[in-house]
2 protein chains.
Amino acid sequence: MRPLLAAQSSDRLRLVSAESVVGMGDKPSYALRHRKDSSMYRAIAAVADGDADAAISAGNTGALMAMGRYLLHTHHGIDRPAIATRIPTREGYCYMLDLGANVDCSAEHLCQFALLGAALSEALDGRAAPRVALLNVGEEEIKGSEQVKLASRLLRERSGLNYVGYVEGDGIYAGRVDVVVCDGFVGNVALKSSEGLARLLGQSLRQAFEGSLYRRLVGLLARPIIDELKGVMDPSRHNGASLLGLQKTLVKSHGSADRRCFAQALRQARLEVIQQVPAITNAKLAQLI
Amino acid sequence: MRPLLAAQSSDRLRLVSAESVVGMGDKPSYALRHRKDSSMYRAIAAVADGDADAAISAGNTGALMAMGRYLLHTHHGIDRPAIATRIPTREGYCYMLDLGANVDCSAEHLCQFALLGAALSEALDGRAAPRVALLNVGEEEIKGSEQVKLASRLLRERSGLNYVGYVEGDGIYAGRVDVVVCDGFVGNVALKSSEGLARLLGQSLRQAFEGSLYRRLVGLLARPIIDELKGVMDPSRHNGASLLGLQKTLVKSHGSADRRCFAQALRQARLEVIQQVPAITNAKLAQLI
């Protein structure tokens, strides 16, 4: 690896040896106990020690979260970190969390995610009072699971947060809210199923412009225009999900990220450091709790 | 209404007077108690009494489910009806359930949905051993919520069912399974968020072919080809979701269905009656339980 890195601007890089690897199937508790010499642990430890401003990993999400929580600590008032990412909408984008870090969430956890999402939107986009919504199966108050209904009541009572009520699945992309809050199971499935349908659509579009000579000719003309929509076709194209709720910056990249995607995750981490997301989150929490 | 209907083939229609209406915000228990003279109740009662083979409604889903359960009864071994629909996939289509009838589900309920989905696939498509999967946040055994993990263990123990393990959200559209099982909260959000992104994509595609004269010309050529993909663009285009688990046929149409969509729901109900979905479900349940 050294020769490859030497060809790059090596004065901006420092290598730290890491002997072991966190497996994709490792349980978080196991990884935390037995993988302290992995690159994942070393990178997060560097952030904790002040040797680095942020860590980025494309590895095992559960292990990343466990190590992040252990080494970087959550903010006061936050039980667990949540994974948030930017989603394209009709009006621009919104942030959605949690996307899989927490599969079983209480109403109180959902409220904490709402605070974290609002802080992220304020810090990164300078929005004064980001509109926060809970993801639900209907917009009426009587709809939803017990946790979601309780979380809605708790959020209505909390001043200092612009809680606007429920959105349904299609509301994620409608552009009427800035932050969409849900438990990690629901968020993960919502995002991945959207991506699945978008991929099916992309594939169907390609096939539609195959076959006859006429179709292929029209395809030649239309392709460059259709390709402009790639950002919408693949909502996770904005690679680099934030592990919110930690006192330092930790970013998760897709496991299947290519060079371009991984660079995007690096940019996301840099932006969060520059915009001081953890500090702004802390300040917001101090106001609210 | 009579004059309008008279213009149609009125010998195939019979009018039943219904004095009240189930409101979209009515609680199921309230509707069941106080709306016995609504068209929803009357239609389901006609099925229960043998005056009709199937009932179709575009109204309040919770009320429809409560009335269906009360009047048509669930199969032996089934606690609650589940809503299932056909979803386009890379290889054709699959069935997905539950889509919102049950927001809080136990592992046992998920197992019952798996049986209902397999029976539907067998009855409608003649598949001998439909591949049944649980929707989850990962494909590894350690992933997922407690209910999903327990349901997976229970399904592995059940012979007579071709349980193939977990699929993630994007797996719904991949075409590797015939039946996707999840709780109603997750299913509802997954389907609606997919639809939301597809709608955003459709809108973006239209906009991409506006603006310059060149773009509009290419759009004129490409539009008819792109329009062929409407079925994929809108997964719920196959309108008419089945309320499975009941001893007679009950079909739910989208509330926003137009004439074409509602006709599709009617066809779906007819198909289920002809293919004897309730009887086949009953037989399958008797084998398995």
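Visitor: Do the copies meet through the same surface or through different ones, and why?
Guide: Through the same surface, because 100% of the interface residues of chain A are also interface residues in chain B. Keep in mind that this is a predicted model.

Visitor: Okay, and how many residues does each chain bring to the contact?
Guide: Chain A brings 55 residues, and chain B brings 55 residues too.

Visitor: What area gets buried between chain A and chain B?
Guide: About 4,800 Å², with carbon and sulfur atoms giving 73% of that. On the chain A side, A:Phe185, A:Leu197 and A:Ile225 supply 13% of the area that chain A buries against chain B, more than any other three residues.

Visitor: Switching topic: how many salt bridges are there between the chains?
Guide: The count between chain A and chain B is six. One of the salt bridges joins the side chains of A:Arg199 and B:Asp170, at 3.6 Å from N to O.

Visitor: And how many residue pairs are in polar contact across the interface?
Guide: Ten, with both residues at pLDDT 80 or more.

Visitor: Which element gives the largest share of chain A's side?
Guide: That's H7(A), with 20 residues. As for residue types, the side of chain A that touches chain B has 29 nonpolar, 14 polar and twelve charged residues.

Visitor: Last one: what rotation superposes chain A on chain B?
Guide: A rotation of 180° does, with 0.0 Å of shift along its axis and an RMSD of 0.1 Å. The two copies are therefore related as by a two-fold rotation axis.

Technical notes: Residues are numbered from 1 along each chain as its sequence is written. Chains are lettered from A and ligands numbered from 1 in the order in which they are written. This is a predicted model: local features need pLDDT of at least 70, side-chain atom pairs count only at pLDDT 80 or more; totals for chains, interfaces and linings use all residues. Side-chain values use heavy atoms; hydrogens and water are left out. Contact means heavy atoms within 4.5 Å. Buried area is the accessible area (1.4 Å probe) that two parts lose on being put together, summed over both. A salt bridge is a side-chain nitrogen of Lys or Arg within 4 Å of a carboxyl oxygen of Asp or Glu. A polar contact is a pair of N or O atoms within 3.5 Å; within protein, one must be able to donate a hydrogen and the other to accept it, and residues adjacent in sequence count only if both atoms are side-chain atoms. Helices (H or I, at least four residues) and strands (E, at least two) are DSSP runs, numbered from the N terminus. Ala, Val, Leu, Ile, Met, Phe, Trp, Tyr, Cys and Pro count as nonpolar, Asp, Glu, Lys and Arg as charged, and the others, Gly among them, as polar. Copies are superposed by least squares on the C-alpha atoms of residues with pLDDT of at least 70 in both.
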